[in-house]
Every structure is written in structure tokens, then in C-alpha cells.
Amino acid sequence: MRGAFVLLVAALIAGELGAQALRPTGSASLVTARVRSAVPAGIDQFTGSAFLGQGALAIGRVELSVSYLQGTLNHDGGSAAGRDLVEGTLLLGVRALDWLTLEGGPHARAYTLAGSTQRWLFWELRARAATAFVGSAARGYVELWRAVVAHANVPEAFDHAQGGEVGMILRLARAPLSARVGYRIDHAVLGGGTRLETVDGVVIGVGLAWR
Amino acid sequence: MRYRGAWVCALAGALGSAPSRASAQTSDSVFADGVRAYKHLEFDLAAGLLRRQLAPLEAAGAPAAKRVLGLVYLGAAELFRGRRDSAAAVFRRLVMLDPRYRPDRLVFPPEVTGLFEGVRQQTKTVTVDVPHDTTIAPGPGAFGIWVIVSSFQTVDVTLRYEDGAPFRALYSGPIGDSLKVQWDGLDAAGAPPPVNRVLLRVASRTPTGELASIVQIPLDVRLFRPDTLPWPPAPAASAFLPERAKAGPAGRALLGGVLLSGAVAALPAIVGGTDASSGPRIAVAGTIGFAGLLGYVLHRPGRPLVANARANQTLRDAWQRRVETTTAENARRRREVRVMVRAGEAIAIQPRGP
């Protein structure tokens, strides 16, 4: 599966790398995250804030993006101990159309518990559509992803996982700065539905793009 | 007879004292035999030869410069043959042919030059010298006409239509020797000539006011006006930006806001996470929906687009400036009329007697 993805990306980006300028972008966001684990024994729900840093480097139609999220989540009931949440992605993508970007790569997530760390690793395929809808100032985007392979150190077998993000980016005229607001959600199903993991939250951040 | 013999001696002395000048005036080989006979004091022979040599030239209408030499020697020969009237007639022909001609006083004795001068004073004739082919810019002194007269007289210099009607009076008054009359290339009203041909007429009058002679030269007149510049094309309609907002951007903002808000609201259902929290999600959906609504208001249809209107006005102003520049340039070019004047052959008209 991974080999097919690499071949697909290689085919799409062939010929795009020559004589192109690098276009780096970066953003820093505050994420109000909520993690909800539903198992037959009960439901654990944690909420908290996290810092999300994202960066991308584009050349022609090819783009390499990374993200890192770290925060602390507290149990909604107040009885369980808080969890540290760490998450990262490394995605290689290609802008297939002016408004459509296809990406793929690993997405790792870890909940640091008091006694152990629960680790998740998804190999994802993502599709991101973005276009301006209020003049050129406001740009809306919709992103959907689905894990093609996943590894998790939980007893249940991985079934499927998918997620998405919808939001808008406001660009300041003639300035590289932008503001972003969005909503994101990941949903993983394991053990034929015996374990459901949902992570969602609001993303509010500022970005900087060098042109 | 005594008179003739005395002047024969004087003539022989004069010829001997100034051979170079004599030879200079006999350089034209056409009259070489006649002049030689004159110098050998064989005046009968000289007169005969010169008349024979002049006859074909006059028949052929040869230029005055080719005939004057033969005529002055013929006149002198006739004088020394004792035929003063014939000499005067020959000198009259010579004056009519070239009013500027004067016999060389070092070659011809005072008898000859004196008779010639007397004839010249009595003969009222005029010649006109104009550029054969020239192009002028209408204005003072544009076209010069030299009027040369044989002796003091009154002349009328006029331009006339082909039917003889007056076109422009140029000069009327006395001339002692020569006068440069100027035509500005325009008609009496100050406009370029409306016709392609006018007649330059110089009428010479006797002291009593009677017409003595008329010289007329046809002038072909052609006007040349520089081409005017075409009007600069008006800016194409596609070059103008819309000055009123169209419905597209407003609709796009509204629709985009609705779709994105709906996508935010429906995202958990799309990915299967129906147990997602709704509060923050609705807040994001509302923010995006509000942005879309705000975008609709800001881009509402029919809203004046000031920046576009200003850009369009700049475009119109630039075109207007080009029009004004072209108008000024065309006005300048219209004023820059050139008149090509081509002179024909002069015709001498003898006025009818009473």
C-alpha cells in the first residue's frame, strides 16, 4: 500500500521540481481538544488546550508538510488523571488542481498516561480542497483523510479510522499574515466497534506565508 | 561717307586694342563667320552672314542667349552700312529678346552703344524670371518673381484665373530696372489657391498709360496637405473594470459561508464520529457563516467599486489626452499646406493697336 502511494506521488510530481521557487509557510494555533474513548467498560472523555505548530515547504505543485501538537487534557469527570497529548504528522502531497491537494504520510498520536503511553500510528491519505469565497480575503477549506494502515498499542484490532477539518483562513491584504479558524475531528474504530476513539476540537491560529 | 570712313578707322583701332573681349563675344561658333567679316570691316558681308545665321535660330525659337550675339553684331554692321533704321530695328529685337542685355563698350564704339541705348529707352518691354519648379510654404515672400524691364516703365503684375479674371494683384507701379515681386502663395482672401492653374501676367504700360506689352506665364499650382493622424481608438470595453459589483462575488460569499458552515456541522457525521461535542463546532460554523454573510454585504450586487471607477477614469483621461494631442497635431498639419508651383513657358502678348 505504501509503495503504491509513493509511486502515485512520484508520478504526480514528475517534472514539477525543476526551476521552481521554494514557498515556505508556517502557522501556530491554539487547539481546544477533546478526546473521547468509548469502550464497553465505559466512556472516558478528556478536554483541554494544546499548541499546534504547522509548517510546509512547497516547490511547484509538490508540498511537504509537518505538524506538531502538544497539550494536556483533563478528565471531564475529574476522577481520572490528566493525559498528555502529543501528535505529529509528516505528509508529502501534490497540488493536483489549483484548489485540490492530495497528501499522504504518517500520523502519530500518543496519550501519555500516568502508567503507560498509548501510541497510535496511522498511514493516511488526505484530500484538501480550498478556495476563496469572500473576495480574496477569506479562503475556506475542507480536508478529509482516511487511514489506510494503523498501528496502536491497544488490545483491540484496528478496524478503520478517518477524520477531517473544515475552516477558513482570513488573509490580510498585502501582508503575509493570516488568521485561521476551523474545526477538526478524528474518529477511529477498533475491535469491530467495541472501542471508539474520537478526537475533535477547534483550531484558532495565525499563519505566516513567505511568497 | 566721311562719317563712315572715320568710324571704320576707329572700329579697326578698337578691335585691335581689345582682341580678347572681342574673341570672348565671338566664342559662339554659330556666328563666327559673320563676326569675322565684321572684324574685317566687311559689313555688307557680315550683315548677310549674320542674317543667314540668325534665321534658323529664330525659326527654331532658340534661347535669347544664343541669339543676342548675332543680333548685336548685326545691328552694328547695319549701322556701319549706313542703315540706321535697320540697325535700330535689330536693336529693338535684341531689347525685346533680352531687356538686360547691354553691348560691351570695350568692343563696340559709342555710336553703336549710343544707338542701342536710345532704342532701349524707347522700347518698353519686360521679362519675367520665376522658379521653374518649386514648392513653397504659403506666407510672406514664399514665391519670388523677378520682373526685369528694358527701361523705366509702369507695370501691373497680377495673377489671374485661366479665363482672365483677376485672382490676385501683386504689384502695380514703376520699375526702373528690375523688381522682385513676391507672392505669398494664397489668394486674395488669404486662402490656398482653389484652382490648379493661374496665369502670371505682367503688363507693361507706356508713360501715357497705354499697354505696351504683356508677358504671361502659366503657373500650375498643386496643394499638398500632410496626412492627418487617425483618431486614437477608444479603449476597448474589455479594458474597463466593472464600476458596480456584480452578483457573483456576493453570491459566492453567501453560498461559500453556507456550505462551509454546513460542512462544519456535518463533519462528525461524515467521519462517523456522531458523539462529537457540538458547542465549539457550532461556534466555528457560526463564525464561518457570519463571515459569508459579511462578505455578501461587502460585495452586495450594485455596490459602487470606487477603485475600479478611478482606474476607468484614469483610462478615459489617458485616452482623452491622446485625442487632444492628436487634435492639436492634426490642426497643425492642416495649417502646414505646401504649394507646388510649376511655371510654364512665358508668352509675350502684343496688345492690339487702336
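**Helix crossing**

Helix α4 (residues 43-59) of chain B passes helix α5 (residues 64-80) of chain B in a left-handed crossing, meaning that the near helix is turned anticlockwise from the far one by less than a right angle. Helices here are DSSP runs of H or I with at least four residues, numbered from the N terminus. The model is predicted: local features need pLDDT of at least 70 and side-chain atom pairs 80 or more, while totals for chains, interfaces and linings use all residues. Residues are numbered from 1 along each chain as its sequence is written, and chains are lettered from A and ligands numbered from 1 in the order written.

The angle between α4(B) and α5(B) is about 150°, with the axes 9 Å apart; axes are lines fitted to C-alpha atoms over the stretch in contact, and angles run from 0 to 180 degrees between N-to-C directions. The two helices are therefore roughly antiparallel (angle over 145 degrees). Their contact (C-beta atoms, placed from the backbone, within 7 Å) includes B:Leu50 and B:Leu54 of α4(B) and B:Leu74 and B:Ala77 of α5(B).

**Nonpolar cores**

A nonpolar core is a set of buried Ala, Val, Leu, Ile, Met, Phe, Trp, Tyr and Cys residues joined through C-beta atoms within 7 Å; buried means 20 or more other C-beta atoms within 10 Å of a residue's own. The largest has 35 residues, and A:Ala33 and B:Val264 are among those touching the most other members. Helix α8 (residues 247-271) of chain B gives the most to this core, with 8 residues. A second, separate core of 30 residues includes B:Phe43 and B:Leu71.

How values were computed:
Parallel < 35°, antiparallel > 145°, perpendicular 65-115°, else oblique. Contact = placed C-beta atoms within 7 Å. Buried ≥ 20, exposed ≤ 12 C-beta atoms within 10 Å, placed from the backbone.
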